[in-house]
Amino acid sequence: MTDAILGGGETSAADAALLTRISAHRLLPVVVLEDAADAAGLGAALVAGGLPVAEVTFRTAAAADSVRAMVDAGLTEPDGPNLLVGAGTVVTPEQVDTAVAAGARFVVSPGLSRAVVERCQEHGVLVLPGTATATEVQAALTMGLRTVKFFPAESSGGVAAIKALTGPFPQMRFVPTGGIKESNVADYLAVPAVLAAGGSWMVPGSAVAAGDFAQVERLTAGAVALVAGS
Ligand SMILES: O=C(O)C(=O)C[C@H](O)[C@H](O)COP(=O)(O)O
């Protein structure tokens, strides 16, 4: 198989650079914000905890404003906190437009949608669509992708499933998400095909709602320490 047959290899240099950053952090915090007023504090807590990356899920009405608030607070400044902000739970092309306009640098989907992938490609924004089966991974490959989310990771076979998928798809890299926590994250990160692991345990909704960013920072620092070297 060649890249020509498969619709082109991944990625622009910009996408490759973002993947390198995500890979270096090893973790992709999945953030749910009900109120954009909490976004800057939450982003700052992630930065202070040593994990300057956030996937802001478009499950809430506050998502786009939350992304914008992080940008407006200066958190994404390359010479400053250098927080890498993306959008999660993006399921329609219109949401891609909204997320990109708000300042999202990457887009994550729970599933694989050609319409979403193509809209991201039109914007030139990195997309990590969800896959859970060989059929979906193969479809992503034909869309020119080489890195996908593996979701929902634990209930889709976990580490064993990812290892099995790397047999027929040695060129694919995975960002497993869903059911990953402190107790199993190292098992995922030990798989060479795993670029980073997504999770929400360092950003509990209760702490965010209470404005307890010190707790978020503590949990984030703990997560960073846990995966150091893995
Ligand atoms: O909605 C999406 O697009 C998602 O990305 C779902 C999240 O990946 C999971 O909700 C995170 O899973 P937990 O770490 O188990 O909380």
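Which residues of β1 point one way and which the other way? In this predicted model, L27, P29 and V31 face one way from β1, L28 and V30 face the other way, and every one of them is buried.

**Strand β1 and its partners**
- Five of the five residues of β1 are buried, so this strand is largely enclosed by the rest of the structure.
- In a regular strand, side chains alternate between the two faces of the sheet.
- β1 pairs in the parallel sense with strand β9 (residues 197–199) over three bridges, and P29 stands opposite G199 in β9.
- β1 also pairs in the parallel sense with β2, over two bridges; the bridge partner of V31 in β2 is V56.
- From β1 the chain crosses through α3 to β2, and this β-α-β crossover is right-handed.

**Helix α3**
- Helix α3 (residues 39–48) is mostly covered, with seven of its 10 residues buried.
- The buried residues of α3 are A39, L42, G43, A44, A45, L46 and V47.
- The elements that cover these buried residues include β1 (27–31), β2 (53–57), α4 (63–72), α10 (205–209) and α11 (213–227).
- After α3 comes G50, which has a positive phi near 95 degrees.

**Nonpolar core**
- In soluble globular proteins, nonpolar side chains tend to be buried together.
- The largest nonpolar core has 77 residues, of which L42, V67, A87, A99 and V107 touch the most other members.
- L42 touches V31, L33, V203, V208, F213 and V216, when residues up to four places away in sequence are not counted.
- L42 is also one of the buried residues of α3, and V31, which it touches, is one of the buried residues of β1.

**The sheet of β6, β7 and β8**
- Three strands form an open sheet in the order β6-β7-β8, with parallel pairing.
- β6 (130–131) and β8 (173–176) stand at the edges with a single partner strand each, so one side of each has no neighbour in the sheet.
- Strands of a sheet pair through backbone hydrogen bonds, either parallel or antiparallel.
- β6 pairs in the parallel sense with strand β7 (residues 147–150) over two bridges, and T131 stands opposite F150 in β7.
- β7 and β8 run parallel and are joined by four bridges; T147 stands opposite R173 in β8.
- A right-handed β-α-β unit is made by β7, helix α8 (residues 158–165) and β8.

**Ligand surroundings**
- The ligand is surrounded by 15 residues, and the closest are T89, P110, T177, G199 and S200.
- G199, one of the closest, is the β9 residue that stands opposite P29.
- By class, the shell around the ligand comprises five nonpolar, nine polar and one charged residues.

**Residue A134**
- A134 lies in helix α7 (residues 134–142).
- Is A134 buried or partly exposed? With 14 other C-beta atoms within 10 Å, A134 is partly exposed, because a residue counts as buried at 20 or more and as exposed at 12 or fewer.
- Leaving aside neighbours within four places in sequence, A134 is in contact with L165 and P168.
- A134 and A69 are 65 residues apart along the chain, and their C-alpha atoms are separated by 38 Å.

Key: Residues numbered from 1 in each chain as written. Predicted model: local features only at pLDDT ≥ 70, side-chain atom pairs only at ≥ 80, totals over all residues. Near = placed C-beta within 6 Å. Nonpolar A, V, L, I, M, F, W, Y, C, P; charged D, E, K, R; others polar. Pairing = 2+ DSSP bridges. Right-handed = clockwise from strand over helix to strand, strands pointing away. Contact = placed C-beta atoms within 7 Å. Core = buried A, V, L, I, M, F, W, Y, C linked by C-beta atoms within 7 Å.
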